[in-house]
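Dear colleague,

I am handing over the structure below, together with some notes on what was found in it. Please read them with the structure open beside you.

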Amino acid sequence: MGIVGSYRKGRIIDTAISAVLDGAQAAGAETKKIYLLDKHVEFCTNCRKCTQQEVDGVRGKCIHTDDMEQILCEIDGADGIVLGSPINFFSVTALMKRFIERLLPYCYWPWGKEIPRLRIKKPVKKAVIITSSGCPAWLGRIIFRSVLSVLKAAARCVGFRIVKSLYLGRVCKAEEQQLSQKDILTLQKAGEKIVS
């Protein structure tokens with residue numbers, strides 16, 4: 001399952017996630033892509049009602065009635081996940097951040113406890129994370145390392161372990177810039193790695 005945290009369909013992150021899913025599909029997987037832009041996802045109010053009941057391996061229930069419950073059900077049923085967001089002002093997009101904040105039901109955090117505990121103890125499913133910026137990839141991995149950390153934490157929270165972390169650099173050379181064939185092949189191999 002691919003989760004697109006970009007505002008621009010058909011552009012770098014969307015295309016990158018499609019390439020990963022193509023690689024997974026070629027290796028025998030069924031794939032699906034979710035555009036967060038098309039979903040109604042409320043903001044987390046940090047009421048923590050979803051974190052109060054102690055049931056390991058089972059996420060809590062959010063108070064909001066929006067599209068997030070369906071997205072989480074699909075994530076729960078997926079064997080692999082691809083999370084992708086371009087870098088906007090030193091972080092993931094607001095779309096992706098809103099989605100990530102709503103992953104709190106995967107934590108047990110009763111009142112009186114100082115820190116939350118993940119409900120899924122050992123991640124066994126596989127994840128690929130992708131980000132992009134105009135910066136060269138080697139430099140972006142240093143300057144924007146918190147972006148990859150946030151995406152890794154999100155994947156880990158929902159029970160997935162990272163098998164590939166991809167940073168696509170220098171993607172702002174042209175208004176309609178496309179990924180190189182080399183990038184596409186790298187992304188497809190990442191998709192195969194999810195399935196293997």
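Buried here means under 20% relative accessible area, with exposed meaning over 50% and partly exposed in between, for a 1.4 Å probe and protein chains only. Helices (H or I, at least four residues) and strands (E, at least two) are DSSP runs, numbered from the N terminus. This is a predicted model, in which local features need pLDDT of at least 70 and side-chain atom pairs count only at pLDDT 80 or more, while totals for chains, interfaces and linings use all residues. Residues are numbered from 1 along each chain as its sequence is written, and side-chain values use heavy atoms, with hydrogens and water left out.

Strand E3 (80-86) is largely enclosed by the rest of the structure, because 7 of its 7 residues are buried. In a regular strand the side chains alternate between the two faces of the sheet. In E3 both faces are covered, with Gly80, Val82, Gly84 and Pro86 buried on one side and Ile81, Leu83 and Ser85 buried on the other.

Which strands pair with E3, where pairing requires that DSSP finds at least two bridges? Strand E1 (residues 2-4) runs parallel to E3 and is joined to it by 3 bridges, and Val4 stands opposite Gly84. Strand E6 (residues 125-132) also runs parallel to E3, joined by 7 bridges, and Ile129 in E6 is the bridge partner of Leu83.

With kind regards

Methods. Two strands pair if DSSP finds at least two bridges between them.
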